[in-house]
Structures are given as C-alpha cells and as structure tokens.
Amino acid sequence: MKRHHSIQPLSRQHHNGLLAVLLLRKGIAGKADMAVMQKFVLQIWEDELKEHFREEEVVLMPPVYDKIDGDLFQRMKNEHSRLQSMIEQLQSPDLSFELFQQFADLLEAHIRFEERILFPAIEEALNPEIEALLTNHLQDKTQNCINFQPKFWE
C-alpha cells in the first residue's frame, strides 16, 4: 500500500524492520551464533528502532492524537514498551532462540498493526498543516540491515 508522503519515512523503516525479522528467523532456523544475532538486534535498536519509536511517539502522535481512536496510540506505545523490554533481555548473556523468536514475532506483529491499522487511521486525519509538520520532522534514516556483517542468516 502506498503511504502518504509525509509518513513514508516511517513506512520505509518498517520495511527494513520486516527484513530484520526475516533475517532473524533464518538465523534461528539455521541455529546461528546467538552472540552474532544479539549484536544484530542491538545494532538495529541503536541505529533505527529507538529513534523510530521516539518519532512515532513525539512527532507523529501529538498532532493527530485527538483526531483518531486513542486506543490505537495506546497499543502502539504498549508494544514499543514491550519491544524495549525485550531489547533489555537481549542484552544479557542469557540468550535463547526462543527469546529471538519472541522478539521477531512481536516486531512483525507491531509493524503489521501500524501499517494496516494505525497508519491508515492517521492518513484519514491528515490536513495540510499536519502534513507539513510531519514532512519537516520525519526524515528517512533507514539503514538496510542486510548489510550487517557477518551474515548469520546464510
């Protein structure tokens, strides 16, 4: 689905997040080195997800909060919090393929929710003033996770 230009940077980051999920699942299936997978997840968190969540909560949410169902934003924030908690778990030396699987599943479900439910609701609430605000504050900073080395998913 084609996104409104003002929120396309976030959608492109979602695409990269889905790619990360695919790579993690390949790594899990292949019983890849969990320490390498840990570095991959933590790099994605630092390079993209942390700022992505901030932009959704601080830039995207305020101008449209009262124009759409507030439960949608509450779900978004709850899922952000759960993903951040999983990142904290993934920083420990106690790693398991199950934990990576749970992270991948939650990240995919979260992205699908935003793309299929939240973003369409936001697009309906957009007006020229909000569009300009988002266009000025949301920049595409996506880094393709396929460039991570070593390629644990191969």
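**View 1. Largest nonpolar core of the predicted model.** The largest nonpolar core has 32 residues, and those that touch the most other members are Leu24, Met37, Phe40, Val41, Phe100, Phe103 and Phe152. A nonpolar core is a set of buried Ala, Val, Leu, Ile, Met, Phe, Trp, Tyr and Cys residues joined through side-chain atoms within 4.5 Å; buried means under 20% relative accessible area, exposed over 50%, and partly exposed in between (1.4 Å probe, protein chains only). Two or more residues of this core come from each of helix 1 (8–29), helix 2 (34–64), helix 3 (70–90) and helix 4 (97–125). Helices (H or I, at least four residues) are DSSP runs numbered from the N terminus. A second, separate core has 20 residues, including Met61, Phe113, Ala125 and Leu138. This is a predicted model, in which local features need pLDDT of at least 70 and side-chain atom pairs count only at pLDDT 80 or more, while totals for chains, interfaces and linings use all residues. Residues are numbered from 1 along each chain as its sequence is written, and side-chain values use heavy atoms, with hydrogens and water left out.

**View 2. Surroundings of Phe40 and Phe148.** Not counting residues up to four places away in sequence, Phe40 touches Ala20, Leu23, Leu24, Cys145, Phe148, Phe152 and Trp153; contact means heavy atoms within 4.5 Å. Phe148 lies in the segment after helix 5 (128–137) and is buried, with a relative accessible area of 8%. With neighbours within four places in sequence left aside, Phe148 is in contact with Val36, Lys39, Phe40, Gln43 and Trp153. Phe148 and Phe53 are 95 residues apart in sequence and 21 Å apart in space, C-alpha to C-alpha.

**View 3. Packing of helix 2 and helix 4.** The axes of helix 2 and helix 4 come within 13 Å and cross at roughly 20°. Axes are lines fitted to C-alpha atoms, for helices over the stretch in contact, and angles run from 0 to 180 degrees between N-to-C directions. Helix 2 and helix 4 are therefore roughly parallel to each other (angles under 35 degrees). Helix 2 contributes Met34, Met37, Gln38, Val41, Leu49, His52, Phe53, Glu56, Leu60 and Val64 to the contact, and helix 4 contributes Phe97, Phe100, Phe103, Leu107, His110, Glu114, Phe119, Ile122 and Ala125.

**View 4. Asn16 in helix 1.** Asn16 lies in helix 1 and, at 6% relative accessibility, counts as buried. Asn16 touches Glu48, Thr142, Gln143, Asn144 and Cys145, not counting residues up to four places away in sequence.

Key. Angles under 35 degrees count as roughly parallel, over 145 as roughly antiparallel, 65 to 115 as roughly perpendicular and the rest as oblique.
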